[in-house]
Amino acid sequence: MKRLRENAWMRKAGMFLLDLALILLSIYVSMELRFEMYIPARHIQTLMSALPLILAIYMLCYAIGGIYQIMWRYAGVRDAARLSLLSAIACGLTLAANQFFGLGLFRSVLILIPLIGTIAIGGCRMLWRVLSKDRIPGGLGDAMPVMIVGAGEAGAYAVNICNKNPKQMGKPVILVDDAKSKQGLRIQNVPVRGTTKDIPRLVTRYGIREIIVAIPSLGNSERMQEVLELCNQAHCHTRMLSEPTDADAVGSEGTPFIRELNISDFLSRDEVELDTASIAGYLSGKTVMVTGGGGSIGSEICRQIMHFKPKLLIIFEIYENCAYELEYELRQRYGSDCPVITLIGSIRDRHRLDEVFDLYHPEVVFHAAAHKHVPLMERSPAEAIKNNVFGTRNLLESASAHGVERLVQLSTDKAVNPTNVMGATKRITEMLIQRYGEKTDMKCMAVRFGNVLGSHGSVIPLMEAQIRKGGPVTVTHPDITRYFMTIPEAAQLVLQAGGIAKSGSIFVLDMGEPVRIMDLAQKLIRAYGYEPNVDMPIKIIGLRPGEKLYEELLMDSERDKMTKTAHKKIFVANVDKVDDAQFERMMSRLEAVVEDNDERAVEAIADVVPTFHPWKDKKPEDAKAAG
């Protein structure tokens with residue numbers, strides 16, 4: 001019997017022969033009931049002549065109708081209804097054959113056959129379910145059937161988690177693994193039934209409602225993308241067993257966990273190779289300050305810095321909640337005496353900056369504090385000037401006056417040919433970095449990169465929230481594209497760029513190929529088990545103020561002069577220099593409009609950034625040209 005259960009073809013053949021015998025028995029019982037337990041010889045002869053046709057009709061209906069694709073140990077009401085429907089269809093066909101071919105059978109007999117046959121076949125299936133030693137321990141109950149991809153240690157861990165909490169996590173039904181040696185084996189009585197290529201077929205066959213991918217070693221490799229694409233084709237809710245990261249594993253170091261699939265899992269990104277020696281050379285044993293340290297990127301930079309054992313990490317942040325949570329997380333991980341302190345303050349406040357520099361004497365500063373939301377800065381341009389431009393200038397002046405060795409500013413691809421206020425103000429901060437890198441002894445540099453997956457206000461968390469609420473998922477334009485990288489990847493490359501001693505440089509990170517937002521939306525919807533525009537609508541809402549169809553990492557004047565660095569993912573953009581006297585005059589004009597959230601502020605920004613084309617002058621269909 002075990003061999004029968006393990007071999008799919010043998011199992012199907014056995015079920016087919018059993019059903020054949022049961023239909024034959026049903027025909028005999030129907031005749032006995034019709035003739036009150038005594039069948040005349042002439043009717044037996046008539047039945048024998050028609051028997052092959054009746055059996056053929058029933059078995060063809062069952063085979064074509066997919067009865068032998070059902071895993072009856074996990075069958076439900078729908079499967080029983082399918083059996084009944086197919087029996088009814090076979091009954092109709094036999095009645096028609098009896099009428100047109102003159103078989104001479106009683107209609108009452110032909111009607112009794114499907115009734116008795118359905119009861120007999122269904123009863124045998126349920127008996128098999130009860131007696132099968134391979135059934136799920138305790139049955140599925142209210143738990144949903146789960147497939148686990150990967151039959152290694154991670155797969156065994158996932159099976160164990162699900163078995164401990166089946167109502168919340170689901171009940172593992174099958175595993176799949178590409179290793180031939182694992183086929184037919186079991187993990188805690190859960191069988192390995194096929195390979196990753198079989199995922200769509202096995203999902204249908206076993207009624208799987210959720211998939212857990214338990215192969216952390218694949219990371220974000222192309223092979224992982226192939227596996228996730230197969231899960232996507234199955235239209236099944238997919239989750240991931242993941243090794244903990246610094247961002248996730250608070251208080252549970254070394255323990256894997258099951259998380260929702262996020263869109264970064266669909267981006268094939270090579271693992272960042274860090275020159276840890278060069279990073280340690282300027283971070284280890286140093287007092288390091290991170291402005292905006294509680295934000296998405298700033299907090300990850302703080303986590304990465306702690307790997308290099310600084311003398312003190314200063315989290316400088318105006319929003320206390322995120323900063324407090326980050327400090328708590330770091331103390332949970334590194335101990336209550338880890339060298340970290342949170343200081344509340346704003347880069348707009350020069351006195352507060354001087355106070356911090358006087359007291360703690362930071363040697364390295366990472367500047368991540370900024371207003372970043374494009375539509376909001378379109379409405380409040382003067383606030384972008386105050387915070388992004390003059391806040392950065394405050395920091396540069398205070399840092400240089402207090403002997404800071406190195407300052408690294410985070411910039412954005414929106415600073416290239418900007419069509420929005422936020423991007424234009426970040427371009428001005430790049431100019432400031434150039435000037436202070438030239439006129440001071442402090443090593444100053446900016447790092448320019450694109451969108452970061454999962455950061456506050458980014459498109460992915462918004463889409464996930466929309467999916468959880470039932471949709472629609474909104475996309476601004478069907479052709480809009482963006483560069484993407486993960487938060488850890490961005491933070492690691494920022495640290496690496498900080499170790500390149502080229503003061504006044506604008507570093508550009510290799511963001512890979514741009515990605516269509518529409519493609520991301522469709523993949524994310526499928527990851528939640530829905531079909532785009534079938535179960536979950538996608539709504540085009542139009543470009544937002546300041547938004548363009550595609551972003552650029554380099555201006556035309558920079559493209560031909562870009563140079564490589566020692567790191568394959570970091571380049572130097574040779575930006576044109578600005579005349580000091582002219583720059584100071586333009587900065588003075590900016591100072592004159594910082595209280596005016598109107599066109600005067602936008603015009604002043606445009607005077608400083610010649611490549612700035614305000615969005616108000618563009619129609620949405622012209623946004624691509626503005627890029």
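How close do the axes of helix α16 (residues 421-439) and helix α22 (residues 599-608) come, and at roughly what angle do they cross?

Guide: Please keep in mind throughout that this is a predicted model. The axes of α16 and α22 come within 10 Å and cross at roughly 40°. An angle under 35 degrees would count as roughly parallel and one of 65 to 115 as roughly perpendicular, and α16 and α22 are therefore oblique to each other. The crossing in which α16 passes α22 is left-handed.

The contact between them joins Ser299, Cys302, Arg303 and Met306 in α11 to Leu326, Glu329, Leu330 and Tyr334 in α12.

Helix α17 (residues 459-468) can be read through its buried residues, which are Ile460, Met463, Glu464, Gln466 and Ile467. Seen down the axis of α17, these buried residues fall within an arc of 160°, so they line one face of the helix. After α17 comes glycine 470, which has a positive phi, near 95°. In helix α4 (residues 77-101), serine 87 has a relative accessibility of 1% and therefore counts as buried, the cut-off being under 20%. Apart from neighbours within four places in sequence, serine 87 is in contact with Tyr58, Tyr62, Pro114 and Thr118.

An open sheet is formed by 7 strands with mixed pairing, in the order β3-β4-β2-β1-β5-β6-β7. Its edge strands, each pairing on one side only, are β3 (186-187) and β7 (257-260). Helix α6 (residues 153-164) packs on this sheet and touches β1 (145-149), β2, β3, β4, β5 (210-213), β6 (237-242) and β7, with a direction that makes about 165° with that of β2. Helix α9 (residues 222-233), for its part, lies across β1, β5 and β6 and runs at about 170° to β5.

Within that sheet, β3 and β4 pair in the antiparallel sense over 2 bridges, and isoleucine 187 stands opposite valine 190 in β4. The two strands form a hairpin with 2 residues between them, and glutamine 188 in the turn has a positive phi of about 50°. Strand β4 (residues 190-194) is also joined by 2 bridges to strand β2 (residues 171-176), and β2 and β4 run parallel. Across this pairing, leucine 175 has valine 192 in β4 as its bridge partner, and valine 176 stands opposite glycine 194 in β4. Strand β4 is mostly covered, since 5 of its 5 residues are buried.

Another strand pair is made by β18 (residues 505-509) and β22, which run antiparallel and are joined by 4 bridges. The bridge partner of valine 508 in β22 is phenylalanine 571. Strand β22 (residues 570-573) is covered on both faces, with Ile570 and Val572 buried on one side and Phe571 and Ala573 buried on the other.

To place these details in the whole, the secondary structure of the protein comes to 23 helices and 22 strands, and buried residues make up 54% of its 627 residues. Of the contacts in the protein with a separation of 6 or more, 76% are between residues 24 or more positions apart. Returning to your question, α16 and α22 have axes that come within 10 Å and cross at roughly 40°.

Note on methods:
Residues are numbered from 1 along each chain as its sequence is written. This is a predicted model: local features need pLDDT of at least 70, side-chain atom pairs count only at pLDDT 80 or more; totals for chains, interfaces and linings use all residues. Side-chain values use heavy atoms; hydrogens and water are left out. Two strands pair if DSSP finds at least two bridges between them. Contact means heavy atoms within 4.5 Å. Axes are lines fitted to C-alpha atoms, for helices over the stretch in contact, and angles run from 0 to 180 degrees between N-to-C directions. Buried means under 20% relative accessible area, exposed over 50%, partly exposed in between (1.4 Å probe, protein chains only). The arc is that of the directions from the helix axis to the C-beta atoms. Angles under 35 degrees count as roughly parallel, over 145 as roughly antiparallel, 65 to 115 as roughly perpendicular and the rest as oblique. A crossing is left-handed if the near helix is turned anticlockwise from the far one by less than a right angle, and right-handed if clockwise.
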